[in-house]
Amino acid sequence: MSCWYVYILRCADHSLYTGITLDLARRLDEHNHSNRLGAAYTRGRRPAQLVYHESASTRSAATRREYALRKMSKGDKELLISSYRAG
């Protein structure tokens, strides 16, 4: 059974990008190096750094959590990231 991840990247312009994946290392590499596989949003904002991730048991659960994170304000996301780093 595969484990899904919900992740947040901090781009070079300090903006935040949220996504889901089965493979965090591969996806981060795609965001930073692939013009075809990386998200259009991150292409012009490289390099991107992984600053937060959490696991989800299903794609559906990961998608729901991604949606919830995307609706959060940037300030709330920054609090989540800072508490993640402290923990």
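In strand β2, Leu16 is the bridge partner of Arg10. This pair belongs to a predicted model, in which strand β1, covering residues 4-10, is joined to β2 by 6 bridges. The two strands run antiparallel.

- The open sheet is formed by 3 strands, in the order β2-β1-β3, and their pairing is antiparallel.
- The edge strands are β2, with residues 16-21, and β3, with residues 49-56. Each of these edge strands pairs on one side only.
- On average, neighbouring strands of the sheet are turned by 20° against each other, with direction ignored.

**Helices on the sheet**
- Helix α1, made of residues 24-33, packs on the sheet and touches β1, β2 and β3. The direction of α1 makes about 35° with that of β1.
- Helix α3, made of residues 59-71, also packs on the sheet, where it touches β1, β2 and β3. The direction of α3 makes about 170° with that of β2.

**Residues in loops**
- His14 lies in the loop that runs between β1 and β2. The phi angle of His14 is near 70°, which is a positive value in a residue other than glycine.
- Pro47 is placed in the loop between α2, residues 40-43, and β3. The peptide bond joining Arg46 and Pro47 is cis, with omega about 0°.

Note on methods. Residues are numbered from 1 along each chain as its sequence is written. This is a predicted model: local features need pLDDT of at least 70, side-chain atom pairs count only at pLDDT 80 or more; totals for chains, interfaces and linings use all residues. Side-chain values use heavy atoms; hydrogens and water are left out. Two strands pair if DSSP finds at least two bridges between them. Helices (H or I, at least four residues) and strands (E, at least two) are DSSP runs, numbered from the N terminus. Axes are lines fitted to C-alpha atoms, for helices over the stretch in contact, and angles run from 0 to 180 degrees between N-to-C directions. Contact means heavy atoms within 4.5 Å.
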